[in-house]
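I opened this notebook page to record what I looked up in one structure. The entries follow the order in which I went through it.

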Amino acid sequence: MDVHAAINSRRSTRRFKPDKVSKSLILKVFDAGRLAPTARNLQSLKFVAVTEDAVKERLRPHLNGQNYALEAPALMVICSVDNCRVMKCGEPAGTIDAAIALSFMMLRAEELGLSTCWMGNFDADGVRAALGAPETVKVVAISPLGYSDERHTLRMRKNLSEFVSFNGYYTE
Ligand SMILES: Cc1cc2nc3c(=O)[nH]c(=O)nc-3n(C[C@H](O)[C@H](O)[C@H](O)COP(=O)(O)O)c2cc1C
């Protein structure tokens, strides 16, 4: 599968088959995050895989009712280790680094026949504490990882022309 095919076929998946995802596959997905670019190449990221039921139960109260994620065989918790760095453009480097890493991982997962769903609706402090991470760590995103048990409907996207302008900012 080439990158374009992975971008095209990836969909947010919220229903998973019970089949386990092997540790070696999880590591392949995480390796795509390792290879992602980071600001000043600091690589201050940590990827936590949650596969054990007992740990999933510790996360449950902090997922704001999004319990579908706990049905997936694995959860990927993407953490920024040093989240106070703000770039000259005003954006937080750690959050952006983590977002790029998870984006790369989602495409790699797609290539490996696995499905994901970016989750931003959770209590970050609660998840951090449940995983035993220090207070300096920021949980930026979570995604379930597993084999899709979902049939997707048409993808809803605006037209490209609504996103794009050349040589200046304008709307059509
Ligand atoms: C930053 C971000 C946060 C999101 N948070 C959630 C979430 O908490 N729960 C959820 O089910 N989906 C979440 N989504 C998934 C979006 O709903 C989904 O990407 C969007 O509807 C487009 O669908 P698609 O990913 O299948 O193309 C999130 C996506 C992004 C990029």
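**Basis.** I am working from a predicted model, in which local features need pLDDT of at least 70 and side-chain atom pairs count only at pLDDT 80 or more, while totals for chains, interfaces and linings use all residues. I number residues from 1 along each chain as its sequence is written, and side-chain values use heavy atoms, with hydrogens and water left out.

**Ligand.** I looked up the surroundings of the ligand and found 13 residues, where a residue counts as near if one of its heavy atoms lies within 4 Å. The closest are Arg10, Ser12, Arg14, Gln66 and Arg157. By class, I noted five charged, four polar and four nonpolar residues in the shell; here Asp, Glu, Lys and Arg count as charged, Ala, Val, Leu, Ile, Met, Phe, Trp, Tyr, Cys and Pro as nonpolar, and the others, Gly among them, as polar.

An N or O atom in the side chain of Ser12 is 2.5 Å from an oxygen atom of the ligand, and a polar side-chain atom of Arg11 lies 2.9 Å from a ligand oxygen atom. At Trp118 a polar backbone atom takes part, 3.0 Å from a nitrogen atom of the ligand. On its own the ligand has 620 Å² of accessible area, of which the protein covers 60% (Shrake-Rupley method, 1.4 Å probe).

**Helix α2.** I took helices as DSSP runs of H or I with at least four residues, and strands as runs of E with at least two, numbered from the N terminus. Helix α2 spans residues 23-34, and its 12 residues reach 16 Å from first C-alpha to last, close to the 16 Å expected at 1.5 Å a residue, that is, 1.5 Å times one less than the number of residues. Its buried residues (under 20% relative accessible area; exposed is over 50%, partly exposed in between, with a 1.4 Å probe and protein chains only) are Leu25, Ile26, Val29, Phe30, Ala32 and Gly33. They lie on the same side of α2 because they cover an arc of only 145° around the axis, taken from the directions from the helix axis to the C-beta atoms. Lys23 and Arg34 are exposed on the face turned away from that buried side.

**Loops.** I found Met119 in the loop between β3 (115-116) and α6 (124-130), and Met119 counts as buried because its relative accessibility is 1%. Arg40 lies in the loop between α2 and β1 (45-50), and Asn41 lies in the loop between α2 and β1. Arg40 is not a glycine, yet I read a positive phi near 55° there; Asn41, also not a glycine, has a positive phi of about 55°. Arg40 counts as exposed at 72% relative accessibility, and Asn41 counts as exposed at 52%.

Methods
A polar contact is a pair of N or O atoms within 3.5 Å; within protein, one must be able to donate a hydrogen and the other to accept it, and residues adjacent in sequence count only if both atoms are side-chain atoms.
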